[in-house]
Amino acid sequence: MSLKKRLQTSPILLAPGVYDALSGLIAEQAGAEAVYLSGASIAYTRFGRPDIGLVSMSEVADTIAALRDRVSLPIVVDADNGFGNALNVQRTVRVFERMGAGALQLEDQTMPKRCGHLDGKSLISTAEMAGKIRAACDARASEETLIIGRTDAIAVEGFEAALDRAETYVEAGADMLFVEAPQSLAEIGEIVQRFKGRVPLMANMVEGGKTPAMDAAGLEALGFDLVIFPGGVVRAVAATARAYYANLLGTGSNQAFRDRMFDFAGLNGVIGTPELLAEGKRYDAEDDQ
């Protein structure tokens, strides 16, 4: 089933955040129906830096390609602000779609952008963002590739202005709407009341962020169609890594940590080493007779 069709069915689609092929593979093995490639998580894991616009379009494209080579799931991609103007947006759409993206999320921040749950954001005009959405829709090769219109206006211009921007983005052709960082259940409810039934709605859950924490079932009951947990896996990995290194350097051994990690065979099982080696043998040269 395509991502577009899946969003028309129940239950709500939960897309866990991933940042590379390994995290995507494990998410797929856990039963995920789609994954969300988080630009923030690429910045965190690849560069050890915050989400403040340091990741380039080509670096995201490389990550999409690695994911697509390893997982079969739809990939929802954080395309930031399209990495430039409307023409940059079109190139981004073409490249990301070619690499394997099933949906691209575009936001109305200026360059450099920053995480939607950080302060100090600034926005382009509503008209410029509407043009970017139209450009993105024109550039895609397939109507199955979804364009998600995101506004960060709540923190900059206020809640009502954010709703007005979202309205314009729907009119410009966005296939899905993402109003970032509502700060109360009342704001979440108003978003749903205004747009539910007109366009699929996306929610973003960030542990410790500005939006009240809700589970997928609660968001579905309100009327959302897609929920992402973009950076949760990185926060979990970072906490585990800190404990792992502290134990190793403190004890000189991994022995006390063994029950919290795969052994050599266990990890090879996750990534399919035996199967891949067996596959390779099918192409071994035959001895001359």
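A search of the whole structure finds three aromatic pairs. The model is predicted: local features need pLDDT of at least 70, side-chain atom pairs count only at pLDDT 80 or more, and totals for chains, interfaces and linings use all residues. Residues are numbered from 1 along each chain as its sequence is written, and side-chain values use heavy atoms, with hydrogens and water left out.

**Aromatic rings**

A pair of aromatic rings is described by the distance of the centres and the angle of the planes. Here, rings of Phe, Tyr and Trp (its six-membered ring) pair if their centres lie within 6.5 Å. Planes under 30 degrees apart count as stacked, over 60 as edge-to-face and the rest as tilted.

One of the pairs is F83 with F96. Their centres are 6.3 Å apart, with 75 degrees between the planes, and the pair is edge-to-face. F83 lies in the loop between β3 (75–78) and α5, while F96 lies in helix α5, so the pair ties together parts that are 13 residues apart in sequence. Helices (H or I, at least four residues) and strands (E, at least two) are DSSP runs, numbered from the N terminus.

F83 has 16% relative accessibility, so F83 counts as buried. F96 is buried too, at 0%.

The rings of Y244 and F257 also form a pair, with centres 5.5 Å apart. Their planes stand at 75 degrees, so this pair is edge-to-face. Y244 sits in helix α11 (residues 232–251), and F257 sits in the loop between α11 and α12 (264–271). This pair links distant parts of the chain, 13 residues apart. F257 is buried, at 4% relative accessibility. Y244, Y245 and F257 form one aromatic cluster.

**Salt bridges**

Side chains of opposite charge can pair when their charged atoms come close. A salt bridge is a side-chain nitrogen of Lys or Arg within 4 Å of a carboxyl oxygen of Asp or Glu. How many salt bridges does the structure hold? The structure holds 18. The table lists some of them.

| Residues | N to O distance |
|---|---|
| D152 and R150 | 2.8 Å |
| R165 and E157 | 2.9 Å |
| D225 and K196 | 3.2 Å |

The D225 and K196 side chains meet at 3.2 Å. This pair links distant parts of the chain, 29 residues apart. D225 is in the loop between α10 (216–222) and β8 (226–229). K196 is in the loop between α9 (185–195) and β7 (202–204). D225 is buried, at 14% relative accessibility. K196 is partly exposed, at 39%.

Now take D152 and R150. D152 counts as buried, at 0% relative accessibility. R150 is buried as well, at 4%. Both belong to a network of salt bridges that also links D51, D80, E107, K113, K121 and E180.

E157 is partly exposed, at 42%.

**Helix α6**

Helix α6 covers residues 126–139 and has 14 residues. From its first C-alpha to its last, α6 reaches 20 Å, close to the 20 Å expected at 1.5 Å a residue. The expected span is 1.5 Å times one less than the number of residues.

Which residues of α6 are buried? They are M129, A130, G131, K132, I133, A135, A136, C137 and A139. These buried residues pack against α5 (86–99), β4 (103–107), β5 (146–151) and α8 (159–171).

L22, I26, F262, L267 and I271 form a nonpolar patch on the surface. Together they have about 410 Å² of accessible area. Accessible areas come from the Shrake-Rupley method with a 1.4 Å probe; for residues, only the protein chains shown count as cover. Patches are made of residues with over 30% relative accessible area and no salt bridge: like charges are joined within 9 Å, nonpolar side chains (Val, Leu, Ile, Met, Phe, Trp, Tyr) within 5 Å.

α2 (21–29) and α12 each supply at least two residues of the patch. L22 lies in helix α2. L22 is partly exposed, with a relative accessible area of 37%.

L25 is in helix α2. L25 is buried, at 6% relative accessible area. What is L25 in contact with, leaving aside its neighbours within four places in sequence? The contacts are R70, V71, V270 and I271. Contact means heavy atoms within 4.5 Å. The C-alpha atoms of L25 and A141 are separated by 26 Å, and these residues are 116 residues apart along the chain.

Conventions:
Buried < 20%, exposed > 50% of the residue type's maximum accessible area, 1.4 Å probe, protein only.
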